[in-house]
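Trainee: I have a structure open and want to learn how to read it. Can we go through some features together?

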Amino acid sequence: MTTASPSGISARQLRCIRDDRVLFESLDLQAAPGEILLIEGANGSGKTSLLRILAGLSLPDAGEVYWQGSAIMNSQLEYAENMAFLGHQTGIKEDLTPQENLAFLLGLHGTSLDTSSHRAKSEALLGTLGLYGFEDVLCRNLSAGQKRRVALARLLASGKQLWILDEPFTAIDKTGVAFVEQSLCDHVQGGGIVLLTTHHDIDLPHCEPTRIRLS
Amino acid sequence: MSQSSAANAFLRLVIRDLRLAFRRRGDLANPLLFFVIIISLFPLAIGPDPNQLQRLAPGIILVAALLATLLSLDNLFRSDFDDGSLEQLLLAPQPLPVLVAAKILAHWLVTGLPLICISPLLAIGLNFPFDALPTLLASLALGTPVLSLVGAIGVALTVGLKRGGMLLSLLVLPLYVPVLIFSASAIDAAVSGLVANAQLYILGAFLALALSLAPIAAAAALRISVD
């Protein structure tokens with residue numbers, strides 16, 4: 001019996017079965033603070049399933065996921081306080097403005113955006129993501145890439161140590177990709193952990209990701 | 001995680017859902033319009049005999065309220081499921097039943113409450129005795145939250161399915177029957193000039209039971225649906 005690593009996220013002997021097909025079996029992985037873990041694989045190889053299991057949204061058919069050495073199933077709230085997840089669906093409400101979306105999603109995690117200084121901060125954040133002037137436009141009027149930028153703003157403002165990102169570069173333009181790559185680097189250099197999947201060739205010169213291939 | 005943070009999240013979610021509802025006023029008016037149309041069609045179909053209408057009025061109003069609630073139920077988690085907000089709610093460091101309760105409260109405020117507010121007007125149109133109106137309002141006020149709460153469990157179970165509408169009705173309608181029976185019985189008693197306290201107490205007991213258990217059941221069902 002291997003013991004779970006005390007810091008960061010780790011998984012032991014994960015198995016995932018979808019529609020009678022084994023996507024992966026006996027999968028071990030580990031990411032310590034300061035690490036980027038890039039999960040690669042062809043379409044349908046189970047990348048999204050793996051990320052959802054690691055985020056605690058799905059249950060693995062076997063195995064266990066550990067955060068700071070304790071199983072996430074036993075410490076759900078503690079895990080939730082340290083983890084931010086960005087999936088295929090962004091979690092952005094079409095009928096709210098970027099500002100309102102941000103305020104709600106962060107408020108859910110106990111970060112208040114109600115005071116004017118916080119509001120200025122979130123406006124600045126939306127500005128750096130190229131959404132200056134769109135703070136009060138309903139998200140249904142934004143493009144797919146702009147909506148994803150709102151979701152990324154939520155991620156950047158979340159202040160969580162662990163980021164789990166499923167295809168974060170979808171629909172984002174070149175300058176946006178460069179910005180996100182820089183943010184990922186900054187995050188891990190500040191002691192964060194990033195788990196991500198992507199089909200883009202990402203360019204992370206100063207923080208080479210560890211790669212895991214699902215087949 | 002402190003209690004104040006959970007209460008704060010509850011409040012934020014209620015406000016967000018109300019704001020979303022008011023940005024989509026068309027959807028908001030749907031169940032209410034349905035309720036008004038059903039009730040106003042009955043006198044046209046069965047004839048304007050005041051005594052007959054008075055006898056049928058409680059049943060018509062309650063069945064219409066039940067169907068209007070059922071019609072609106074699917075909206076409860078559907079859009080959150082489609083745009084990924086539900087995942088974010090599940091991953092928030094807050095007790096999920098509290099968040100589910102907030103969603104149900106917001107849903108009731110935009111569907112159940114308007115029905116209650118407009119029902120006296122429609123009841124008078126059906127020659128409903130004025131003296132029995134308080135009982136009608138009380139039974140709707142106790143009954144419609146139960147419909148929303150119990151319905152939430154069914155929606156939570158079926159939200160992951162592409163066409164869950166039929167299944168939802170099959171799951172939820174049997175559970176609605178006791179509410180229907182005791183509400184109708186209360187109103188019948190009041191129309192006959194009797195005291196309806198017993199039936200209202202039972203409706204109150206249903207509400208207490210649903211209020212304490214339905215959010216927990218719906219939260220568990222949502223985790224299964226999102227899996």
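This is a predicted model: local features need pLDDT of at least 70, side-chain atom pairs count only at pLDDT 80 or more; totals for chains, interfaces and linings use all residues.

Mentor: Read two things: the angle and the distance between the axes. Helix 3 of chain A packs with helix 5 (residues 144-158) of chain A at an angle of about 40 degrees. Their axes are 10 Å apart.

Trainee: Is the crossing of helix 3 and helix 5 of chain A left-handed or right-handed?

Mentor: The crossing is right-handed.

Trainee: Which residues of helix 3 and helix 5 of chain A meet?

Mentor: Helix 3 of chain A brings A:Pro98, A:Asn101, A:Leu102, A:Leu105 and A:Leu106. Helix 5 of chain A answers with A:Val150, A:Ala153, A:Arg154, A:Ala157 and A:Ser158. Sort this contact by class: seven residues are nonpolar, two polar and one charged.

Trainee: How many residues does each chain give to the contact between chain A and chain B?

Mentor: Chain A gives 23 residues and chain B gives 20. On the side of chain A, helix 2 (76-82) and helix 3 (98-108) each give two or more. Helix 3 of chain A has the largest share, four residues. By class, that side of chain A holds 11 nonpolar, eight polar and four charged residues.

Trainee: Now strands. Which strands pair with strand 3 of chain A?

Mentor: For strands, read direction and bridges. Strand 3 (residues 36-40) of chain A pairs with strand 8 (residues 193-197) of chain A, parallel, over four bridges. Strand 9 (residues 210-213) of chain A also runs parallel to strand 3, joined by four bridges. Follow A:Leu37: it stands opposite A:Leu195 in strand 8 of chain A. In strand 9 of chain A, the bridge partner of A:Leu37 is A:Thr210.

Conventions:
Residues are numbered from 1 along each chain as its sequence is written. Chains are lettered from A and ligands numbered from 1 in the order in which they are written. Two strands pair if DSSP finds at least two bridges between them. Two residues are in contact if their C-beta atoms, placed from the backbone, lie within 7 Å. Ala, Val, Leu, Ile, Met, Phe, Trp, Tyr, Cys and Pro count as nonpolar, Asp, Glu, Lys and Arg as charged, and the others, Gly among them, as polar. Axes are lines fitted to C-alpha atoms, for helices over the stretch in contact, and angles run from 0 to 180 degrees between N-to-C directions. A crossing is left-handed if the near helix is turned anticlockwise from the far one by less than a right angle, and right-handed if clockwise.
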